[in-house]
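Below is a short note for someone meeting this model for the first time. Please keep the structure open while reading the points in order.

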Amino acid sequence: MDDLNRLRTPDEEKQATVSKLVDRFVSLFEEVQSFYIEKVAYHIRTIEGLNATSINRLSIMARMNEDIAQIKAKLAKALAYPKKHLDQMLLDSFKEVSGPNIFKERVLEEKPQTESTRKSVEQLAKAIARQANGTLENHSNTTVITKNYSRMVDRAIIVTTSGLSSYSETIRQIIKDLGSNGLKIEYTSGYRQRLDSAVRSNIVSACNQIAQHGSDIVAEKLGCDCKEITVHSCPAPHHASVQGHVLKNEKWDKMQAGESFEDINGAAFVGFRRPISEWNCMHFGMAFDSRYQRPKYTQKQLDEILRKNQEGFEWRGKHYTMYEGT
């Protein structure tokens, strides 16, 4: 991990700051996750002291419902924070990632940032925040909380009343599963994901949207004719060769459509299927004006980043690139 940190590019340093903003939100849901695990674990441990004749399922279910009510209350409190602050966090994220590229590196006396530009970005942030908050509401589906909790309690009751297996061994496995999986979100596709991981993915996706689409708004207002692709120290193979390059807007559109394209200097690239800034990609196309700006990275710097990525490391007798290590 230290090696990865030392390899950070300036673009990744900005992303690290954005990650700290995201952590403020995710920590609230991590607290809900921990509270859920503690409640279920304690409840299951109390069943251990019972036997087949002393178990009262109604009493156990009543206790479970009390716990679920407390979990729902904590979850509602966690959800209230994004509703109140997410749009501002997205604006802060945009300024951190996109702002310096546009407003500090180009001569702006001719076309300063206008009030309409600022309002357009703010409206975008609010729209993305509403969308993200809607997804978070879906994550808080209480049916999933009840189902997960009930499933584990039922396992404990069955083991206690049946005597078919060692209670302590079964409980150990239940607690182990609970600690590994915690409270999970279940999607219609059948895919399952931990609550805190789902929240992080949702908010990071919102940050990605504001970075790219916000930059597009500013680029249009300022008349920027190009986009410069941000740079990562550990790029995915299909994006590795194009990162750091500047593309005319029409070439950017071709690239995003999966067609072959050229950069501003005529370097040719074969099209790829995964668009920049989509499908969990952490690259962005930042507004770039070829009349005022120079590329942030030289070709020598870009080649060195790729060399270090390919140099990678050995683990258990096998070579991995730094990208594969992430």
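**Notes on the predicted model**

1. Start with Arg316, which is exposed, because its relative accessibility is 74%. This is a predicted model. Arg316 sits in the loop that links strand E8 (313-315) to strand E9 (318-320). Its phi is positive, about 50 degrees, although Arg316 is not a glycine. Most residues other than glycine have a negative phi.

2. Trp315 and Tyr320 form a tilted aromatic pair, with 6.5 Å from centre to centre and 55 degrees between the planes. Trp315 is partly exposed, with a relative accessible area of 47%. Tyr320 is also partly exposed, at 21% relative accessibility. The cut-off for buried is under 20%, so Tyr320 does not count as buried.

3. Now the other aromatic rings. The count of aromatic pairs comes to five. Phe261, Phe269 and Phe272 form one aromatic cluster. A ring can also have a charged group over it: Lys74 lies over the face of Phe35, at 5.1 Å from the ring centre.

4. For the overall picture, the protein chain has twelve helices and nine strands. Of its 326 residues, 44% count as buried. Take the contacts between residues at least 6 apart in sequence: 72% of them join residues at least 24 apart.

5. Two packed helices are described by the angle between their axes and the distance between the axes. Helix H3 (residues 57-97) and helix H5 (residues 115-139) pack at an angle of about 140 degrees, and their axes are 9 Å apart. H3 is therefore oblique to H5. The crossing of H3 and H5 is right-handed. Residues of H3 in this contact include Leu79, Pro82, Leu86, Leu90 and Phe94. On the H5 side, the residues include Val121, Ala125, Ile128, Ala132 and Leu136.

6. What is the angle at which the axes of H5 and H8 cross? The angle is roughly 160 degrees, and the axes come within 9 Å. H5 is therefore roughly antiparallel to H8. H5 passes H8 in a right-handed crossing. Among the H5 residues that meet H8 are Ser116, Thr117, Ser120, Leu124, Ile128 and His139. Among their partners in H8 are Leu195, Val199, Ile210, His213, Ile217 and Lys221.

7. Lys221 gives a closer look at this contact. Lys221 lies in helix H8 (residues 195-222) and is partly exposed, at 41% relative accessibility. Which residues does Lys221 touch, not counting residues up to four places away in sequence? They are Ser116, Thr117 and Ser120. Lys221 and Ser116 are 105 residues apart in sequence, and their C-alpha atoms are 8.7 Å apart in space.

8. H3 and H8 also pack against each other. Their axes come within 9 Å and cross at roughly 35 degrees. H3 passes H8 in a right-handed crossing. From H3, the contact includes Leu75, Leu86, Met89, Leu90 and Phe94. From H8, the contact includes Ile203, Ala206, Cys207, Ile210 and Val218. Leu86, Leu90 and Phe94 are listed in the contact of H3 with H5 and are listed in the contact of H3 with H8.

9. Gln70 lies in helix H3 and is partly exposed, at 36% relative accessibility. Leaving aside neighbours within four places in sequence, Gln70 is in contact with Phe35 and Lys39. Phe35 is the residue whose ring has Lys74 over its face. Gln70 and Val32 are 38 residues apart along the chain, and their C-alpha atoms are separated by 9.9 Å.

10. Is Leu28 partly exposed or buried? Leu28 is partly exposed, at 23% relative accessibility. Leu28 touches Ala78 and Tyr81, not counting residues up to four places away in sequence. Leu28 and Ala78 are 50 residues apart in sequence and 5.4 Å apart in space, C-alpha to C-alpha.

How values were computed: Residues are numbered from 1 along each chain as its sequence is written. This is a predicted model: local features need pLDDT of at least 70, side-chain atom pairs count only at pLDDT 80 or more; totals for chains, interfaces and linings use all residues. Side-chain values use heavy atoms; hydrogens and water are left out. Rings of Phe, Tyr and Trp (its six-membered ring) pair if their centres lie within 6.5 Å; planes under 30 degrees apart count as stacked, over 60 as edge-to-face and the rest as tilted. Buried means under 20% relative accessible area, exposed over 50%, partly exposed in between (1.4 Å probe, protein chains only). A charge sits over a ring if NZ of Lys or CZ of Arg is within 6 Å of the ring centre and within 35 degrees of the ring normal. Axes are lines fitted to C-alpha atoms, for helices over the stretch in contact, and angles run from 0 to 180 degrees between N-to-C directions. Helices (H or I, at least four residues) and strands (E, at least two) are DSSP runs, numbered from the N terminus. Angles under 35 degrees count as roughly parallel, over 145 as roughly antiparallel, 65 to 115 as roughly perpendicular and the rest as oblique. A crossing is left-handed if the near helix is turned anticlockwise from the far one by less than a right angle, and right-handed if clockwise. Contact means heavy atoms within 4.5 Å.
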